[in-house]
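The sequence and structure are shown first.

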Amino acid sequence: MDAAALSDHLVAEFGDLLEPEVSYGLLTVTVTPDGYRRVAEFVRQDRDVNCNFFEFLCGVDEEAAGIAVVLHVYSISHHHHVQVRSVVPRDGGRLPTVHDLWAGANWHERETAELFGVGFDGHPNLAKLLLPEEFEGHPLRKEFALMAREAKPWPGAKEPGE
Amino acid sequence: MTAYFQAYGALAGLLALAVLFVTVAFGANRILRPNRPDAGKLTTYESGVDPIGTAWSQTQIRYYVFAFLFVIFDVESVFLFPWAVVFANLGVAAFWEMVVFIGVLAVGLLYAYRKGVLRWV
Amino acid sequence: MGLVDKVELPQPIKFVFNWGRKYSLWVFNFGLACCAIEFIATSMARHDFIRLGVIPFAHGPRQADLLVVSGTLTDKMAPAVKRLYDEMPEPKYVISFGSCSNCGGPYWDSYSVTKGVDQIIPIDVYVPGCPPRPEALLHGIIKLQERIGTESLKERYARGELEPIVVGA
């Protein structure tokens, strides 16, 4: 199915629960954290969507709005991609885990938990994956200060983006 | 008598040389190599992380079967070598006796083949 | 009761021992990132370092006398490097290959990068570059071999701190 047809299919199933957006041929549906699990299950189990290949799950720091968690999956049989996006509050945001639907989500959720501080309910082992155990803080949040830059300012002429 | 012992003398000399060689090699190494013992050098190697599990591993049973068959046929060839040297002087009976011996072992080999243990995979 | 590191051996013996050691370095290559690819390229046909007597891919730290740290060292990997360095028998040498292992490199400001492997283990040769060309590694190895050829192990251990060689400086 192409992105528009997928979008209609999902809206037909869930109605107001999700907001679809198609950009460059890729469908992204934004769901509340309460509806996230239902949408993920539908995307996995429905015959016409059938997204059985897990691409990634990551976080996006959206500053005031919260932290968005994006789940990108692909269907090998139907050759289409779907992104499920859910915005959780910055403090104590939690989402249900999807590792039982896609086994690959296990480590991606661990990484998102340690780098952004998003909790995943039902995850069997949210131990630190990439950071050393004694690390404090959530590095990929925008307010996390880089110690090295505090100690020594960037000696180059321009900051990225200038 | 001295000629008889001369051969053993050569053997004893060889034995002494062998022992001397090993002693000198290991001894020189022990004396000369740097000796800086450290607790870190005694840690178990597992790519730099704490080792998990025991160091014992299970070997495949097929290695036992092949070693077993090897021993049997190796002993058979040990019997074959002296026979091969002298059987020309022993007459036809010696030949047929050895054929019987090899035949009995060949039956064993046929049994192993039929049991499928000769396939490696 | 090692003599080599406690007693100044006479010059002919020292020459022979040093000659043997410098032309049979076994490398425990600690490839962490892109510099590992350059290290592998140096071991392959065009810029062969095996012709210098350096043999790559030791089976473990205990069979190696040269550790080449190539690539970015993260805080999570640092204890592993320390432990593997400790497991190597004497005499051992370390080459820090590439900008990341020299000083943190382009990732100096990252939250997870150790700014240089010399914070963890003592280094004999620094090879700068991002990544350094294979010729730079060959230069570093040759400089290290020259140093091994003339060194006295007793002085090396008595001195404590190493005086590192910097390639290209």
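Predicted model: local features only at pLDDT ≥ 70, side-chain atom pairs only at ≥ 80, totals over all residues.

## Confidence of the model

For the complex, the predictor gives an ipTM of 0.75 and a pTM of 0.79.

## Chains in contact

Two pairs of chains are in contact, and of these the pair formed by chains B and C shares the most contacts. Chain A and chain B, by contrast, are joined by no contact, and their closest C-alpha atoms lie 13 Å apart.

## Architecture of chain A

Chain A contains four helices and seven strands, which follow one another along the sequence in the pattern α-β-β-α-β-β-β-β-α-β-α. The C-alpha trace of chain A spans about 55 × 40 × 30 Å along its principal axes. Of the 162 residues in chain A, 43% are buried, and among the contacts in this chain between residues at least 6 apart in sequence, 51% join residues at least 24 apart.

## Nonpolar cores

The largest nonpolar core has 36 residues, and the members that touch the most other members are Val43(A), Leu71(A), Val82(A), Val84(A), Val98(A) and Trp102(A). At least two residues of this core are supplied by each of helices H1 (3-14), H2 (36-45) and H3 (105-116) and strands E2 (26-31), E3 (53-61), E4 (67-75) and E5 (80-88) of chain A. The largest share, five residues, comes from H2(A).

## Helix packing in chain C

Helix H2(C), residues 34-43, packs against helix H5(C), residues 134-150, at an angle of about 75 degrees, with the two axes 9 Å apart. Because of this angle, H2(C) is roughly perpendicular to H5(C). On the side of H2(C) the contact is made by Glu38(C), Phe39(C), Ala41(C) and Thr42(C), and on the side of H5(C) by Pro134(C), Leu137(C) and Leu138(C). The residues of this contact divide into five nonpolar, one polar and one charged.

## A buried aspartate in chain C

Asp65(C) lies in the loop between H2 and strand E2 (66-70) of chain C. Is this residue buried or exposed? Asp65(C) has a relative accessible area of 18% and is therefore buried, the cut-off for a buried residue being under 20%.

Not counting residues up to four places away in sequence, Asp65(C) touches Ser24(C), Leu25(C), Trp26(C), Met88(C), Pro91(C), Lys92(C) and Tyr93(C). Asp65(C) and Val27(C), although 38 residues apart in sequence, are 6.4 Å apart in space, C-alpha to C-alpha.

Note on methods: Residues numbered from 1 in each chain as written. Chains lettered and ligands numbered in written order. Heavy atoms only, no water. Axes fitted to C-alpha atoms, helices over the stretch in contact; angles between N-to-C directions. Parallel < 35°, antiparallel > 145°, perpendicular 65-115°, else oblique. Contact = heavy atoms within 4.5 Å. Nonpolar A, V, L, I, M, F, W, Y, C, P; charged D, E, K, R; others polar. Core = buried A, V, L, I, M, F, W, Y, C linked by side-chain atoms within 4.5 Å. Buried < 20%, exposed > 50% of the residue type's maximum accessible area, 1.4 Å probe, protein only.
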